[in-house]
Amino acid sequence: MADLVLKDVEKSYGSVKVLSNINLDIKRGELIVFVGPSGCGKSTLLRMIAGLERITGGTLTIDGQVVNDVPPAQRGIAMVFQSYALYPHMTVRDNMAFALKIAKKSKEEIDAAVGKAARILQLDPYLDRLPKALSGGQRQRVAIGRSIVRDPKVYLFDEPLSNLDAALRVATRIEIAQLKEAMPDSTMIYVTHDQVEAMTLATRIVVLAGGGIAQVGSPLELYERPQNEFVAQFIGSPSMNLLPGEIVGTGTTTTVRMKAGGTAVSNYPSQPGDEGMQVNVGVRPEDFLETEGEPIFEGKVDITEALGEVTILYYERVDGAAPVIAKLPGIHKDLRGKVVKLAADPSKVHVFHKEQSLLYRHEPHQKIAAQPH
Ligand SMILES: Nc1ncnc2c1ncn2[C@@H]1O[C@H](COP(=O)(O)OP(=O)(O)OP(=O)(O)O)[C@@H](O)[C@H]1O
Ligand SMILES: [Mg+2]
């Protein structure tokens, strides 16, 4: 369907800049998910793409045409919101057909489009019902159906599932994945607060923070190779632990003496001269392992949460820092009040510059290391 290019896109409200330097190249058939803290500009960016909000700097191109000044109705974009606002007095069929009737399409065209959307969304049994006789998830599907009948080039979803309860969210999330499979060429942009939705639906995730893009990548790239501490802690739950230390060994692996004692070895390479550099060592709770040897961290377990398949250990806070969290497989209620030493495989140990947390040590060093000597 459509390629979208955002180049140096900006948004200001009066003198307040809420977004800047937005550069994104979205290919036809992708499902891009925007995530980020509340107020970071996800809806604003979506609304600019839809044409509901003026773009105050940069260009938006759809299929090679700059559309900054093209009105929403002519951009070939359909937007589905969190509140689905169906017409209550119209049947499901009429709700879905409404936009096409306004556009004066023939009855045959309308029937074909509604029939196709109903099939994709499995709404056939409900076509003659009123919205009040549907569940929340079914209503949300009708709202999506209203956009499918228009055969848009790009679908925009702004937290479409956030009004649904947990079980329905899971069911509807799977339906959206199936919907995407049924329309492999359609381009979709999806805003969500839900990590699982982002990780399971996205071809690529865009993490927005501080008025710009913190990182763009496939879900697993963001999980395994976060480029900065923000992304490291935003993706994954519970968040990645960040522990201060100082580089004491450089080379193809990096050795860090931890401020609280202990040593971390990371597979990320460093250069001679990096010794003495203050860094934060990042380890995901699920990557910690119990050890009898030299630990990355050691402390007293304050609270345990046994969830069955895993036990979450919360360590005692030291110096007001966030408590260290570890997630060990199995049930370990007996560890409460005990000292448990934690280590991790060097491939799971991340190292971030301390003063400049936006720079990931791995990237520039990896390029240097890859050059033949
Ligand atoms: N009309 C407006 N005038 C001034 N500021 C606005 C306006 N609309 C939005 N903003 C500001 O722009 C920023 C981004 O808002 P936006 O709604 O895009 O955030 P969001 O990422 O979608 O947040 P949430 O996750 O809470 O939905 C916010 O700081 C908001 O206060
Ligand atoms: Mg929003």
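In the predicted model, a backbone N or O atom of Gly41 is placed 2.9 Å from an oxygen atom of ligand 1. A backbone N or O atom of Cys40 lies 3.3 Å from an oxygen atom of the ligand, and a polar side-chain atom of His193 is found 3.2 Å from an oxygen atom of ligand 1. Taken alone, ligand 1 exposes 640 Å², of which the protein buries 56%. The residues around the ligand are Tyr13, Val18, Ser38, Gly39, Cys40, Gly41, Lys42, Ser43, Thr44, Glu159 and His193. By class, this shell comprises 3 nonpolar, 6 polar and 2 charged residues. Helix H1, spanning residues 42–50, gives the most to the shell, with 3 residues.

The largest pocket has a volume of about 500 Å³. It is lined by 24 residues, of which Leu242, Leu243, Pro244, Ala321 and Ala322 are the closest to its centre. Strands S11 (241–249) and S16 (297–306) each supply at least two lining residues, and S11 gives the most, with 4 residues. The lining of the largest pocket divides into 15 nonpolar, 4 polar and 5 charged residues.

For the second largest pocket, the volume is about 340 Å³. Among its 15 lining residues, those closest to the centre are Met79, Ala99, Arg146, Ser147 and Arg150. Two or more lining residues come from each of strand S6 (77–80), helix H2 (92–102) and helix H4 (136–148). The most are given by H2, with 4 residues. The lining of the second largest pocket contains 10 nonpolar, 3 polar and 2 charged residues.

Conventions. Residues numbered from 1 in each chain as written. Chains lettered and ligands numbered in written order. Predicted model: local features only at pLDDT ≥ 70, side-chain atom pairs only at ≥ 80, totals over all residues. Heavy atoms only, no water. Near = heavy atom within 4 Å. Polar contact = N/O pair within 3.5 Å; in protein donor to acceptor, adjacent residues only side chain to side chain. Areas by Shrake-Rupley, 256 points an atom, 1.4 Å probe, with all protein chains shown as cover. Nonpolar A, V, L, I, M, F, W, Y, C, P; charged D, E, K, R; others polar. 1 Å grid on protein atoms, 1.4 Å probe; cavity = no way out; pocket = protein on both sides within 12 Å on 5 of 7 lines; lining within 4 Å. Points joined across faces, edges and corners; volume = space filled by probe spheres on them.
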